[in-house]
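Trainee: I would like a close look at a single part of this model. Could you take me through it slowly?

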Amino acid sequence: MCICISTGFCIICFSSIYLKSMDFTTAESFLHEGLLQSFELTKYILKTNVYPREPSPLKELREVTAKHPGKLMSTAPDTGQLMGMLLKLINAKKTIEIGVYTGYSLLLTALSIPHDAMVFIPIGFRFISLPIIQKAGVEHKINFIESQALPVLDKLLQNLSTKYPGFFKFNQLNSSSFVLFQQKDNEGSFDFAFVDADKENYLNYHERLLKLVKVGGLIVFDNTLWGGTVAQPEEAVSEDRKESRRSIIEFNNSVSIDQRIEIALAPSGDGLTICRRIR
Ligand SMILES: C[S@@+](CC[C@H](N)C(=O)[O-])C[C@H]1O[C@@H](n2cnc3c(N)ncnc32)[C@H](O)[C@@H]1O
């Protein structure tokens with residue numbers, strides 16, 4: 001434990017010195033405005049590439065979500081398309097999702113993984129898109145836990161042998177619910193994790209998911225550009241966004257030097273950080 005902390009500190013020092021001494025002049029000539037800065041380009045991408053291929057249950061859910069006050073919380077459709085591609089590329093079968101609003105990313109995951117695969121979701125709030133999920137014929141893949149996420153992740157890591165209170169399948173308590181919790185080896189058993197919940201806990205989720213996701217598996221974090229505020233001075237950011245912005249900046253700095261993962265930050269939607277566990 002001590003060795004790890006010490007090593008991390010050294011890496012941080014090295015990394016910041018390295019970044020400060022880097023000459024960005026040449027690199028900057030290749031920079032251009034990110035997608036988030038061009039609404040027209042975003043619309044173009046959606047119209048030409050995303051919407052024509054969006055499965056009809058997702059389209060229906062997107063339209064239902066658009067009528068809800070928190071509609072902006074839903075995962076962006078272009079980000080969803082990228083997630084679907086990632087899930088298929090790694091042939092994900094066991095996934096976990098943290099943070100559900102109307103469940104666009106959840107439904108997308110359930111549609112992208114094989115028939116016998118499962119999504120596992122600890123969530124904080126009530127879930128409203130059950131009829132669309134049922135109509136799409138994928139509810140059997142979804143294990144739903146109504147809970148704060150951190151305690152559930154901790155219980156998974158303790159390999160709990162009893163049913164978690166509040167854990168149920170959509171329709172009934174199902175025997176497969178028990179299977180998940182009776183497994184002795186939750187560690188390293190997940191192929192894919194998607195995090196889109198409280199930004200203040202991103203690093204806490206990251207630590208736990210690094211144990212739950214297998215080497216070669218992916219942990220994907222949404223909103224890692226936080227509306228572009230990560231690149232703005234703090235004074236320019238509205239009060240209600242400051243705390244999460246700080247957490248996201250801390251998260252971005254931390255994963256950028258984390259030797260246990262490879263990363264790519266895709267400027268899609270509100271920023272999607274893809275972490276591949278390598279050790
Ligand atoms: C941005 S929304 C997620 C949107 C989701 N990707 C979708 O497409 O429906 C964030 C959700 O995270 C949930 N949340 C926030 N804090 C949480 C926590 N500590 N544990 C579990 N869920 C949490 C909230 O219920 C909220 O609905």
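In which sense do β1 and β5 pair, and over how many bridges? Please go on from there to what surrounds β5.

Mentor: Happy to! Keep in mind that this is a predicted model. β1 and β5 pair in the parallel sense, over 4 bridges. To find one of the partners on screen, go to threonine 95, whose bridge partner in β5 is phenylalanine 192. β5 also pairs with β6, again in the parallel sense, here over 5 bridges. For that pairing, look at valine 195, which has phenylalanine 221 of β6 as its bridge partner. β5 itself is mostly covered, with 5 of its 6 residues buried.

One residue of this region deserves a stop. Of the 51 residues in the largest nonpolar core, Ala193 and Leu107 touch the most other members. Leaving aside residues up to four places away in sequence, alanine 193 touches Thr95, Ile96, Leu209, Val213, Ile219 and Val220.

Now follow the chain onward to the helix. Together, β5, α10 and β6 form a β-α-β unit, and this unit is right-handed. The buried residues of α10 are Tyr202, Tyr205, His206, Arg208, Leu209 and Leu212. Some of these positions can be read with a simple rule: an α-helix has 3.6 residues a turn, so residues three or four places apart point the same way. The cover over the buried residues of α10 includes the strands β1, β5 and β6 as well as the helices α8 and α11.

Let us look at α11 in that cover. Two packed helices are described by the angle between their axes and the distance between the axes. For α10 and α11, the axes come within 9 Å and cross at roughly 35°. On the α10 side the contact is made by Tyr202, Leu203 and His206, and on the α11 side by Ser247, Glu250, Phe251, Ser254 and Val255. By class, this contact of α10 with α11 has 4 nonpolar, 3 polar and 1 charged residues.

Finally, here are two backbone details for you to check. Asparagine 91, in the loop between α5 and β1, has a phi near 50°, a positive value in a residue other than glycine. Asparagine 223, in the loop between β6 and α11, is not a glycine either, yet its phi is positive at about 70°. Their surroundings can be read from the neighbour counts. Asparagine 91 counts as exposed because it has 11 C-beta neighbours inside 10 Å. Asparagine 223 is buried, since 25 other C-beta atoms lie within 10 Å.

Methods: Residues numbered from 1 in each chain as written. Predicted model: local features only at pLDDT ≥ 70, side-chain atom pairs only at ≥ 80, totals over all residues. Axes fitted to C-alpha atoms, helices over the stretch in contact; angles between N-to-C directions. Contact = placed C-beta atoms within 7 Å. Nonpolar A, V, L, I, M, F, W, Y, C, P; charged D, E, K, R; others polar. Buried ≥ 20, exposed ≤ 12 C-beta atoms within 10 Å, placed from the backbone. Core = buried A, V, L, I, M, F, W, Y, C linked by C-beta atoms within 7 Å. Pairing = 2+ DSSP bridges. Right-handed = clockwise from strand over helix to strand, strands pointing away.
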